[in-house]
Amino acid sequence: MIRTRSLLAFVGLLVLLQGAAAHAQQELRATLFADADRALEAARAANAEMLAPATFSRGLEAYAAAESDLTRGRNIERIRTELATAAGAFTDAADAAEIANVTLAAVLKTRADASNADAATFATQLWTEAGESFDSAARRLETGDIRGARSRADEAEVLYRDAELTAIKAQYLSQTRALLAEADQARVPRLAPRTYEKARSLLVQAELELNQNRYDTDLPRSLAQQANYEARHAIYLAGLIDRLREEDGSLEDVILLYEDPLTQISAAADKVAQLDKGIEPVTAELVAYIEGLREQAAQAELDLADTRTRVGELEEEIRDLDERLGGVSQERVALVQRLEAEARIREQFTSIENMFGRDEARVSREGNRMVIRLVGLTFQSGQNVVRPNYRGLLEKVRQAAEVFPRSQIVIEGHTDSYGGDENNLALSRRRAEAVSAYLSDELGVPAFRISAVGYGETQPIANNDTEQGRERNRRIDVIIEPQLESAQQ
């Protein structure tokens, strides 16, 4: 037992001695290497590794030798001599780097430009060759061969500029070239020659612009993007033409295929596309409609800004009146509370709106009523069964209703104009009742909060003359009617 304790004590002493030795070694290194470390840091800050490579390398060799000798426990004076040599070399390298910064300023600028263009990645060979010439120029300058240094620097400058331009072209034009190569393989020049040639022409223009002014890349970038689009467009057209030929499609088939998107867009705008006089009248009508919407949106933005300004002015007037009257009236307190409640309702409306994806529902506000138009819920023809796959959507409706816990919920059913009036009215009511029952029975919404009503075809929101319009009219609307007082709680 005593022997074991003695052994443990001896081991502990050894550990302490080793730790002390290691600490002493670290302190010795810090003292010996201080000047060399400062010189090394200064040389690196001056970029001497690149601008004075030979002198900097001599310094690193002496520094490494000193580290090796210190580790092996060799003579301290020898280590000091090596470190003095290293520090001197680093100092000389820093001085040489300052001279190189002036003498090689032009090639340094072109090197930076090539680096910014990521030439090392996109023009690897040119970047490597330029680096070799630059290194040679720096080494010649270190030896005092200024003429040789300038000659090699000129070579490096040309190579760096070529590398920069190659990299820029690769980044902006390589995708277009790849698309055109793909188009060549797919016989696009024969099937869609005009679009293909437009893509090639845009590519030539982009390359010409880059050659003339590589630093103004906005125009060539735009031209390259247009060329990419035209190349993809040409590939698509060639595929479409090929398919029509395989299917023995007639010219009439092509025209009808061409007209169909216009018909769909017109229906989305709640208009009927009358194409018996060509596409121009329909196009003009749609353009006018879209421009009108843009004008309305712009005016709405202005009106909103004016309203916000007016609200700010009114709030300022209220504060001014408070100061002058020196107190508050019950009427003002009630008004402020109502305004705060309405502000909370607006926030709650926004939270409800964010619950639904665009393919699930459209959420709008009519006064203090929330209208959730369930565009993602449909019924089979003539049926009023809520299918299980709509549970997720109706769960969101339940969550929306819970934003206003004391609100009343009205489920409205609507149909299109096809079918008899009485049948449509009854069908819309049954569908509204089915949704109401699902919310209550399956999702736990209290039945006393929900009512169902059917309006049939009496409240269309779109044109019943188009299939798209009729589809929009066949709908379930969920109306949430919050009590203003509840919003104050």
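This is a predicted model: local features need pLDDT of at least 70, side-chain atom pairs count only at pLDDT 80 or more; totals for chains, interfaces and linings use all residues.
**Overall form**

The secondary structure of the chain consists of 18 helices and five strands. With a radius of gyration of 40 Å, well over the 23 Å that the globule rule gives for 489 residues, the chain is more spread out than a compact globule. The C-alpha trace spans about 110 × 85 × 70 Å along its principal axes. Of the 489 residues, 34% are buried. Among contacts with a separation of 6 or more, 68% join residues 24 or more positions apart.

The accessible surface of the chain is about 29,500 Å², and carbon and sulfur atoms contribute 52% of this area. The chain carries 59 positive and 81 negative charges, whose mean positions lie 4 Å apart.

In soluble globular proteins, nonpolar side chains tend to be buried together. Here the largest nonpolar core comprises 66 residues, and those with the most contacts inside it are Tyr-63, Leu-83, Phe-90, Phe-134 and Tyr-160. Helix α8 (residues 146–185) supplies the largest share of this core, namely 13 residues. Apart from this core lies another, of 33 residues, which includes Met-370, Leu-393, Ala-432 and Ile-480.

When neighbours within four places in sequence are left aside, the contacts of Tyr-63 include Arg-29, Phe-33, Leu-40, Leu-83 and Phe-90. Ala-36, Asp-37 and Ala-86 are also in contact with Tyr-63.

Leu-32 is located in helix α1 (residues 2–45). Its relative accessible area is 12%, under the 20% limit, and Leu-32 is therefore buried. Beyond its neighbours within four places in sequence, Leu-32 is in contact with Leu-70, Ile-76, Ile-79, Arg-80 and Leu-83. The C-alpha atoms of Leu-32 and Leu-83 are 7.8 Å apart in space, although 51 residues separate the two in sequence.

**Loop residues with positive phi**

Most residues other than glycine have a negative phi. Asn-47 has a positive value, near 60 degrees, and Asp-270 likewise has a positive phi near 60 degrees. Asn-47 is found in the loop between α1 and α2 (48–51), whereas Asp-270 lies in the loop between α12 (251–268) and α13 (279–325).

| Residue | Relative accessible area | Class |
|---|---|---|
| Leu-32 | 12% | Leu-32: buried |
| Asn-47 | 35% | Asn-47: partly exposed |
| Asp-270 | 29% | Asp-270: partly exposed |

Terms used: Residues are numbered from 1 along each chain as its sequence is written. Side-chain values use heavy atoms; hydrogens and water are left out. Helices (H or I, at least four residues) and strands (E, at least two) are DSSP runs, numbered from the N terminus. The radius of gyration is taken over C-alpha atoms; the globule rule is 2.2 Å times the number of residues to the power 0.38. Buried means under 20% relative accessible area, exposed over 50%, partly exposed in between (1.4 Å probe, protein chains only). Contact means heavy atoms within 4.5 Å. Accessible areas come from the Shrake-Rupley method with a 1.4 Å probe; for residues, only the protein chains shown count as cover. Lys and Arg count as positive and Asp and Glu as negative; His and the chain ends are not counted. The place of a charge is taken as NZ of Lys, CZ of Arg, CG of Asp or CD of Glu. A nonpolar core is a set of buried Ala, Val, Leu, Ile, Met, Phe, Trp, Tyr and Cys residues joined through side-chain atoms within 4.5 Å.
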